[in-house]
Structures are given as C-alpha cells and as structure tokens.
Amino acid sequence: MESFKIGKKIVPIPLIQGGMGVGISLGGLAGTVAAEGGVGVISTAQIGYQEPDFDRHPAQANLRAIQKEMGKARKISPNGVVGFNIMVALRDYARHVKMALQAGADIIISGAGLPTELPGLAKDSSAAIAPIVSTDKSARIILKYWDKKYKRTADLVIVEGPLAGGHLGFKKSELEKYTPDVYEEEVRKIIATVRAYEQNYQRKIPVILAGGVYSSGDVLRAGGLGADGVQVATRFVTTYECDADIRYKEAYIRAKKEDIAIVESPVGMPGRAILNPFMKRVMLGEKVPHTPCHGCLAHCNPEEIPYCITDGLINAARGNIEDALLFCGAYAYKANRMETVKEVIHSLF
C-alpha cells in the first residue's frame, strides 16, 4: 500500500480512522489521526449531544457541533486530512453534509444506506466523496447511479465487511454466509467494479478495506486482496485521544470474546455490540423507557421501538456503561491496554 490523494492533499499513511457515533470519534481523535498522517473522521450522529440545548433543539445543536468539532480537529492538525462520516439514515442528512462542507471537510464518507444524493449536495465543493459499500451489488448500484445522474464517480470507496462494529450492511443470514474466505471473493469483485470506473474516469479511485482490521497482519491481508488502504475504528477506541469516556474504553479492555454479539438495533438492523446488563434486558424482550424523541433517524417510530438508540449511545459516550449500547468491532476483546494514536498506527504499519 502506498500513500494516496484526497483532493489536493496527500495521505502519507493509507489509513482512515472509522467514524464512530455518538461522541466516540469527534475532533480530538480525528485531529490526532490526521496529524499522524492518516485520515481523521468525525461522526455527525447526534454530534451535538453535549450542547446545553440538545434536549430542546437537537437539530440546531448538531449543526453547531459540526463546526466546533472541526475547529478542534484543525487546531490539532491544521493541514491534515479531516472528514466527516454522515449516515444516510439520518433525518438531517442533507443539512449535515452541507454544514460539514461549510466547516471545511476534506472528505464526506456516507453509509447506513446508499448515498444517492451526495454528489448533488457536494457539487459546489472541492471535498472528496466516498460511499461505504458491503457487497459488489451495492457498489455497482451506487457507482452506476452517480455516473448516470451526476456524471461523477467516487473519489474513494470504503468496503465494510461483516466483522465491522456498530450497524452492519448485511442481513443476519448474510453474516452467516460470509465466512472470511467467501467475503474475500466479494472484496475482489468490488475492487474489479471500482477499477472499471477508474478506467472510465481515467483516475485513481482508492479502495479502502474496513471491518476486522486490528493488526499489521490484517493490513497485509487487505493489501494482498488489492486494497489501497484500510479503515480502522475499534482499535482507536482504547487510545488516550479517543473522545469517549474512560469507562467506555475500559469496557472494551474488560470484554471477552464471548461478550461480543450480533444484536438487533431499534431500526431493525443487525449490529455488533458488547453484551452488558442493558443489552441483556433488551434481548429478553424488555421495552426500555426513553427520553423524548431527538429526531435522529429518518425512519423510526418512538412508540414502537424497544429502546432509544440515541439514549443508548449517549450513555455509552458518557460512560454510563450499565445502561448503554456498546457498539464494537469483532475484535474488541483483543484490547488489553490503553495506547496512544501514534502507537496504534505504528503497530498497524
């Protein structure tokens, strides 16, 4: 793997730090990763949860926090590559994209749905745009749509596999089907699809492999499959610079392999999380009372959900571990100590 370009900036280390919401990857972590030569990524999912008016005006609080967190990242890394992960499933998706661009994002990364409208939202900006895909089918759909509607292609493509943390781009049946060997074939197909668009547009489109990248061996395997870089999230949670509460980080360090499970989120998607008292109650069918709706997701009925995902993730970020949704990657149990961002990047590369 070699360095690659995002816009006019060179990324010396072929590494993207994965976006983790709510409040796990903010300006502190993203700025530090960018300063070390990777791509730092801020998640906009309920990014304004620390703002004093979040309970009353969540939409405005989130937009304000996008500017603030970019300011924090730029203070740490004035010239590094800093971007935003903005989920398509968010109710305020378009407004988040526009505010992130206004804040000076170098790249917008979008998953949790197909970002069909992203090129239109970013058309007056120099920022790079990158879809997150999990299958060759989704890669073909989004690249074909962007090509036909906008005469534009992706600047970078992130391939997120079944070992990733948080919400997964697979049905439960697909998670069982995609063993490591089977998914490697899927990755090769996606890379071939992207290479065809490289030919059409006569420029490089880096393919970044995500999900289960924890060690230098994982990085080498990604390179062997033909990926141009890796996206790493879980490994950065147990860094001193991660924006989450120390108790969230300690939950990773304490977790054993059997504590990590596939759970169903309130929006009906499978996700990967650490089993804790809260999640065990939910899995037994308990309906957890929640705060008034904060309007995070486009498709969510507060009266029908078993628990509020915003409440669960804010509890995690604040360190209220017993009542939290503790999203994590498949290898979170491998964490056994705190590290610096510099140490993590050195061990990976």
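Figure 1. Gln202 sits in the loop that links α7 (180-201) to β10 (207-210); helices and strands here are DSSP runs numbered from the N terminus (H or I, at least four residues, for helices; E, at least two, for strands). This is a predicted model, in which local features need pLDDT of at least 70 and side-chain atom pairs count only at pLDDT 80 or more, while totals for chains, interfaces and linings use all residues. Residues are numbered from 1 along each chain as its sequence is written, and side-chain values use heavy atoms, with hydrogens and water left out. Although Gln202 is not a glycine, its phi is positive, near 55 degrees. Buried or exposed: which is Gln202? With 65% relative accessibility, Gln202 counts as exposed (buried is under 20% relative accessible area, exposed over 50% and partly exposed in between, with a 1.4 Å probe and protein chains only). Pro206 lies in the loop between α7 and β10 as well, but at 2% relative accessibility Pro206 counts as buried.

**Figure 2. The surroundings of Pro206.** Leaving aside residues up to four places away in sequence, Pro206 touches Phe4, Asp155, Leu156, Val157 and Asp228; a contact means heavy atoms within 4.5 Å. Take a look at Ile6 too: Pro206 and Ile6 are 200 residues apart in sequence, yet their C-alpha atoms are 9.4 Å apart in space.

**Figure 3. Two loops with backbone features to look for.** In the loop between β3 (15-17) and α1 (27-35) you will find Val22, joined to Gly21 by a cis peptide bond with omega of about 5 degrees. Gln46 belongs to the loop between β4 (39-43) and α2. Gln46 is not a glycine, but its phi is positive, at about 45 degrees. With a relative accessible area of 4%, Gln46 is buried.

**Figure 4. Helix α3 and its cover.** Within α3 (residues 93-102), the buried residues are Tyr93, His96, Val97, Met99, Ala100 and Leu101. Just past the end of α3, Gly104 adopts a positive phi of about 100 degrees.

Figure 5. Not counting residues up to four places away in sequence, Phe236 touches Leu15, Gln17, Leu29, Val33, Cys242, Val341, Val344 and Ile345. In soluble globular proteins, nonpolar side chains tend to be buried together.

**Figure 6. Stepping back to the whole fold.** The protein has 13 helices and 14 strands. Its radius of gyration is 19 Å, close to the 20 Å that the globule rule gives for 349 residues, so the protein is as compact as a globular protein of that length; the radius is taken over C-alpha atoms, and the rule is 2.2 Å times the number of residues to the power 0.38. The C-alpha atoms fill a box of roughly 55 × 40 × 35 Å along the principal axes. Of the 349 residues, 56% count as buried.
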